[in-house]
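This briefing is intended for a reader new to the structure. Please consult the sequence and the model shown here while reading the points that follow.

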Amino acid sequence: MTHRLFTIAALATVAVAASPASARTKQIVPYIEVGQVLTADLGNGSDVLTYSTVAGGIDASVQTNRVEAQISYRYEHRFSYDKRLTDSDVHSGLARAAVRVAPGFSVEGGAVATRARSDIRGAAPGVLVGNVNNISQVYSVYGGPTVGTHVGPVGLSASYRYGYTKVEAPGATGVAPGQPRVDVFDDSKSQIAQASANLKSGTVLPVGITVSAAWERDDARQLSQRYEGKYGRADLVLPVTRSLALLGGAGYEKIEVSQRDPLLDSTGQPVVDRNGRFQEVPGSPRRIAYDFEGIYFDAGVMWRPSPRTQLEARVGKRYGSTSFTGSFSYQPSKSLAVRLGVYDGIQTFGRQLQSGISSIPTSFNANNDALGGQFNGCVFGAQGGAAGNCLNGALQSVSTSAYRARGVDAIISYNRGPYTFGAGAGYANRRFVAPSGALSVNDVTDQSYYVQAFIARALDSRTTIDANIFGNYYTSGIAGARGVYGAGATGSLSRSFGRLSARGSVGVYSFSQDGAATAVSVQALLGARYQF
């Protein structure tokens, strides 16, 4: 079903882009591609695998006075030559769109198809060719309307978003035998509704006032997990100078996460289906995994010395402990943008992934690295001074349980002349919440560190060279888990001959766990693409 959603999104983008009455800039590039891939494991007797690929996809974008949209989608089928490598299908894509339907009324949405690690304790493949363990195909889509108006000096706004996330079960995870079994995510449906009223400082009062309310819900299939949050909040903004203001806010919230009991066998182990997913006890009552109700508050500063530079930082009390949040953006030109974000909140996998997609600009750099993972890390802005966003916090591993997510992301993008550059880095911490019991991950903490960079240069009007590097470290608080390291680099050279183009890529990847030997592999690809 989610594959069809991407097809519909592509068709909608093409339909809008094809409208000559409204189009300012548009680009539609469907293509087919064939390739030959070789991968060699240098740590296992130089084991060599080779296979062929056939792919089809579309890159399309439209920018008008009312519509901003881009989609990059690719479907690939891999044909193996022997039993050591199975045939497989790979979907990768990203779509973002914002449409101003009428004054004060807009619709926006996004979707992603990518591959992510399933178990944070397992293998951490970075170059996704050949036989890769611990990888799940992930799909997520969201969208909804936003309305806004004014009643005298008071601004009113409201929005609604609906989202759906689906994850296919992985194969082997690479987790050592004897470690506790971790549940496998299936799918979830999420909703969020928000409304606010604001009065700008200096209109009626010397301080600005905003009153807001929100409702969120996420229903996951696994053990019928349910997240529900209700919020109300008031914020004040006190200008100190033309560029500096003091911030303060307080609110009331009620958050509850619940699920049903897993079915156990006679030895006390969970009963799973053929995909490794826990089965729930029929008719079991709901058990509370997390329950918080009360007042929260924070205070901070906002600094805006120019329209292209803004800093906001807050500290307060939330979820029973100190909470830090903040953001920094610097956009000196349409060529360069910098963004830093600090986050803290109770999350589920689907909600955090959709939130990450929504922070990606409607014009992004597809960076079609044929050997690496597509759209499972940082996505960089292409034009207009938007830096982009990193999805690593959600995709460090697929989680079935809710968690408190805290972390920081930093990203920079540069696009000028023949050069395109992007770099991102961050830290993510997840503390899981679940009912107490032998199978519980309650109070277990996962952590990850990541860095990623790419550069591309057009050597002439038909030739482009690019390079990507990445590194990560993952650790889990589950008993017996070891830290997991991964690092790699890829490089490509492509040349076009009209509608036909050729591409060659090479890559190297290393992987290790604490106390274990490092495994190194190399990859090579030679392919041809025809654009319609």
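Leaving aside residues up to four places away in sequence, F375 touches S72, S92, G93, L94, V112, T114, F364, A366, L391 and L395, where contact means heavy atoms within 4.5 Å. The model is predicted: local features need pLDDT of at least 70 and side-chain atom pairs count only at pLDDT 80 or more, while totals for chains, interfaces and linings use all residues. Residues are numbered from 1 along each chain as its sequence is written, and side-chain values use heavy atoms, with hydrogens and water left out.

**Nonpolar cores**

- F375 is also among the residues with the most contacts inside the largest nonpolar core, together with L94, V138, F349, L353 and V398; this core has 19 residues.
- A nonpolar core is a set of buried Ala, Val, Leu, Ile, Met, Phe, Trp, Tyr and Cys residues joined through side-chain atoms within 4.5 Å; buried means under 20% relative accessible area, exposed over 50% and partly exposed in between, with a 1.4 Å probe and protein chains only.
- The elements giving two or more residues to this core are β5 (105-117), β6 (135-151), α2 (349-358) and α3 (392-395). Helices (H or I, at least four residues) and strands (E, at least two) are DSSP runs numbered from the N terminus.
- Helix α2 supplies the largest share of this core, three residues.
- A second, separate core has 12 residues, including Y227, Y231, Y319 and I346.

**Disulfide**

- The count comes to one disulfide, the term being used for a pair of cysteine sulfur atoms within 2.5 Å.
- The bond joins C378 to C390, with an S to S distance of 2.0 Å.
- C378 lies in strand β16 (residues 378-380) and C390 in strand β17 (residues 388-390), so the pair ties together parts that are 12 residues apart in sequence.
- The link of C378 and C390 is right-handed, with 90 degrees about the S-S bond.
- C378 is buried at a relative accessible area of 7%, and C390 is buried at 6%.

**Strand pairing**

- Strands β14 (residues 321-330) and β15 (residues 336-347) pair in the antiparallel sense over five bridges; two strands pair if DSSP finds at least two bridges between them.
- A hairpin of five residues joins β14 to β15.
- Strand β15 also pairs with strand β18 (residues 402-416), in the antiparallel sense and over 12 bridges.
- V342 in β15 stands opposite G326, and the bridge partner of V342 in β18 is V408.
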